[in-house]
Amino acid sequence: MKAVFFNALLRGIGRAWILIVSLVVALSLVRLGQLAYFWPAGYQVPTSDVAAVILQGLRFDLKVSAAAGFLLLLVLPWVTGRVNVRIGTAVAFGYIMMSLINLHYFGFYKTPIDSLVFGLMEDDTVAVLQTIWRDFPVILTMLLGIALTAGTVAGHGWLLRHMKPDTLLQASPVVLKLAVIVVALFAILLAGKGTLRAMALQRQHLTITTSQFLNDMVPNGVIALKYAWDSRGMSQNLKNPLVGLKSLGFDSPLAAAEVLGLPHDSEAALKAALRTHEPVPDGAKKNLVFFLMESWSAEPLLYQSPRFDVMGRMTPTLDKACHFSNFDSANGGTHPSLEAILFSTPITPLTLGDVGRKPIAWSIPLVVRQAGYQTLFVTSSRAGWRDLNRVLKVQGFDEVVDANTLKAAYPEANLGIWGVWDGYIFKYLKKRLAAQPADRPIFIFVLSSTNHPPYDLPADYKRVPRDMALWRGETNSDTLELNLDSYHYATDLLGEFVQDVQHGPHYGNTILAATGDHNVRSFGVYAEARRRYLMRQVPFVIWGKDLSCGNQQTLPASHRDMFSTLLPLVGVAGPYINAGRNLLQPLADKPNPINAPRALFFTGEARNAQGMWQLGNKDSFSCSSVETPTEDCRFNPLDDLQERARYGLLDWNVRTSLGK
């Protein structure tokens with residue numbers, strides 16, 4: 001009986017190792033293909049960096065393959081040879097398809113698979129799948145996955161025939177079998193650890209070069225999905241208020257507060273400081289109309305000219321506007337950015353569960369409504385998406401107007417994949433503002449949707465000819481020109497609306513503001529360090545009569561700064577979170593930690609005037625800025641410490657307030 005058991009275990013371990021080798025080869029081939037597929041024209045990096053990426057990727061391939069081999073030891077020793085091959089085929093196909101999905105995910109989001117991937121189930125799933133079908137080579141990808149699986153199975157079969165794990169050492173002494181089993185099993189465990197050192201391969205080991213593009217090539221689809229799942233789990237469990245702070249290096253919120261010069265004698269004093277603002281001038285409150293424009297990237301504005309028109313009627317409005325041109329989004333997706341803006345939360349999705357059913361005390365629309373405003377949310381998409389129709393009313397919006405409302409108001413409107421055309425938003429807004437009582441200020445938050453894949457436009461839209469030689473960005477995307485058309489469509493409509501308000505009777509008591517939810521998907525992978533800063537950039541523009549724009553229009557800033565700027569401007573001083581700085585205030589020569597000119601991306605990345613980095617990871621720093629990097633461009637530990645403290649306190653505020 002003992003001999004039978006050892007023979008079976010030896011057979012299973014041999015089969016597992018052969019499967020591991022086959023999977024590693026397949027995953028490494030996908031990575032090499034991904035590098036070649038996305039390699040920008042003219043991009044140059046040291047060969048040693050590419051070799052380091054391939055080697056590190058192989059280690060992660062070995063890690064996930066060994067994990068599969070180890071788990072399959074529960075069945076591989078006991079099944080027939082035919083079943084063993086079928087199991088290997090299923091695992092190979094799953095691993096290969098996950099890595100091919102990771103390839104396309106990177107092409108769309110400019111990052112390996114992250115927690116946004118779960119939006120497939122949380123968004124309008126049918127609309128997402130329709131977009132995937134129209135915009136991605138689904139059939140070709142499936143055929144490639146099948147071909148790579150067939151090649152992997154062939155290699156797996158060849159190894160099985162030549163290594164013969166089912167008969168290897170079966171007649172040998174028990175002591176020899178036991179020794180081989182122990183060594184081979186220990187080797188699988190070491191492979192699953194990914195290293196001989198004390199610390200196993202972890203998320204931080206994905207950063208091995210100064211090129212974020214190359215670093216993003218390291219994870220295979222399996223490990224990327226695993227880390228996305230981990231992040232998702234951390235964001236959904238609010239019970240431990242310190243988990244975010246501790247991951248950023250702080251034992252308590254008071255330690256983070258001390259770094260920023262905030263009150264740190266008690267948590268109550270700290271919370272009060274986070275929601276306390278300078279007094280605003282007395283007087284009538286102004287209307288505030290805020291636009292969150294779908295995929296409204298900053299890069300096209302850099303190339304605007306009469307022969308390369310992407311702005312349309314917005315162009316003449318910028319002369320009298322405060323345009324913050326060095327500005328980053330809070331996140332890489334619409335809903336995460338929406339939550340970050342409205343609730344100052346780095347934790348997302350926050351409001352899909354029980355949290356969304358109770359008012360969040362510092363919610364922007366709730367604070368504004370408490371200040372005496374009528375509050376209105378308008379979108380050209382369907383408000384059932386992510387339960388917005390329910391959540392937004394709980395969080396302070398008096399009314400939610402969506403594609404269905406607009407369809408009822410304008411029967412000629414066609415309902416497409418994502419909703420109605422953005423043009424109907426602006427028709428509605430003009431009527432609504434004209435009918436607004438003079439004695440009741442209104443806050444309108446507008447979310448557009450047309451500038452979104454598949455970049456469809458109304459049949460009567462006249463496309464603007466452009467000299468594409470003036471586009472100085474990347475040209476790899478086959479949807480670039482379609483995307484520029486839908487970008488122009490949305491921006492032109494915004495410009496028309498701004499001009500209409502500027503020439504109307506309400507301009508003296510109305511502030512207009514607009515930003516993008518995230519960068520456009522088709523504008524490149526931003527592999528070159530000098531262009532990397534553009535990856536997160538969106539415009540932020542404020543229009544108002546007699547505005548004083550200050551000296552911060554070209555300094556790094558981000559979504560966290562918007563309502564710290566807008567609410568004082570319209571006379572609201574309610575208890576919203578001090579997430580950022582007032583961009584209209586003159587910046588001192590020596591700004592304090594709270595007002596330092598930096599941008600924060602809510603997935604844990606920051607940017608200063610010299611470059612960008614992942615919080616707490618000095619090796620991730622990349623010199624990338626509007627200006628040509630100076631010779632002393634390097635990671636700044638103090639900037640990193642202060643941004644970790646800011647990010648950690650935002651995380652702590654959400655967890656300690658809502659996790660009870």
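**A close look at one loop**

Modeller: Happy to! Let us start with Y455, which is buried because its relative accessible area is 4%, under the 20% cut-off. Please keep in mind that this is a predicted model. Y455 is found in the loop between strand 6 and helix 19. Strand 6 covers residues 442–447 and helix 19 covers 480–502, which gives you two landmarks to look for on your screen.

What is the phi of Y455? It is positive, about 60 degrees, although Y455 is not a glycine. To see what makes that worth a look, here is some background: most residues other than glycine have a negative phi, and most peptide bonds are trans. The peptide bond from P453 to P454 is cis, with an omega near 15 degrees. P454 also has its place in the loop between strand 6 and helix 19.

Now go on to D456, which lies in that loop too. Is D456 buried or partly exposed? Its relative accessibility is 30%, so D456 counts as partly exposed. Which residues does D456 touch, leaving aside its neighbours within four places in sequence? D456 is in contact with R134, W421 and T450. For a sense of distance, pick out A67: the C-alpha atoms of D456 and A67 are 44 Å apart, and the two residues are separated by 389 places in sequence.

A187 belongs to helix 7, which covers residues 174–193. With a relative accessibility of 28%, A187 counts as partly exposed.

Another cis peptide bond joins T348 and P349, with omega at about -5 degrees. P349 sits in the loop between helix 14 (334–343) and helix 15 (364–370). For a positive phi, turn to R386, where the angle is about 55 degrees although the residue is not a glycine. R386 is located in the loop between strand 4 (374–379) and helix 16 (388–394). R386 is buried, as its relative accessible area is 7%.

Next, look for the sulfur links. How many disulfides does the count come to? The count comes to two. One of them joins C322 to C549, with an S to S distance of 2.0 Å. This pair links distant parts of the chain: C322 is in strand 2 (residues 321–324), while C549 is in the loop between strand 8 (540–543) and strand 9 (557–558), 227 residues apart. Both C322 and C549 are buried. The angle about their S-S bond is -85 degrees, and the link is left-handed.

C623 and C633 also form a disulfide, and their sulfur atoms are 2.2 Å apart. C623 is in strand 13 (residues 617–623), and C633 is in the loop between strand 13 and helix 21 (637–658), ten residues along. The link of C623 and C633 is left-handed as well, with -125 degrees about the S-S bond. If you number the bonded cysteines in sequence order, the pairing is 1-2, 3-4.

Finally, zoom out to the whole chain. The protein chain has 21 helices and 13 strands. Its C-alpha atoms fill a box of roughly 95 × 60 × 50 Å along the principal axes. With 660 residues, a compact globule would have a radius of gyration near 26 Å, and the 27 Å of this chain agrees with that. Buried residues make up 56% of the 660, and Y455, where we began, is buried. Among the contacts with a separation of 6 or more, 77% are between residues 24 or more positions apart. As for charge, the mean positions of the 61 positive and 54 negative charges are 8 Å apart.

Key. Residues numbered from 1 in each chain as written. Predicted model: local features only at pLDDT ≥ 70, side-chain atom pairs only at ≥ 80, totals over all residues. Heavy atoms only, no water. Helix = DSSP H or I, 4+ residues; strand = E, 2+ residues; numbered from the N terminus. Rg over C-alpha atoms; globule rule 2.2 N^0.38 Å. Buried < 20%, exposed > 50% of the residue type's maximum accessible area, 1.4 Å probe, protein only. Contact = heavy atoms within 4.5 Å. Lys, Arg positive; Asp, Glu negative; His and termini not counted. Charge placed at Lys NZ, Arg CZ, Asp CG, Glu CD. Disulfide = S-S within 2.5 Å.
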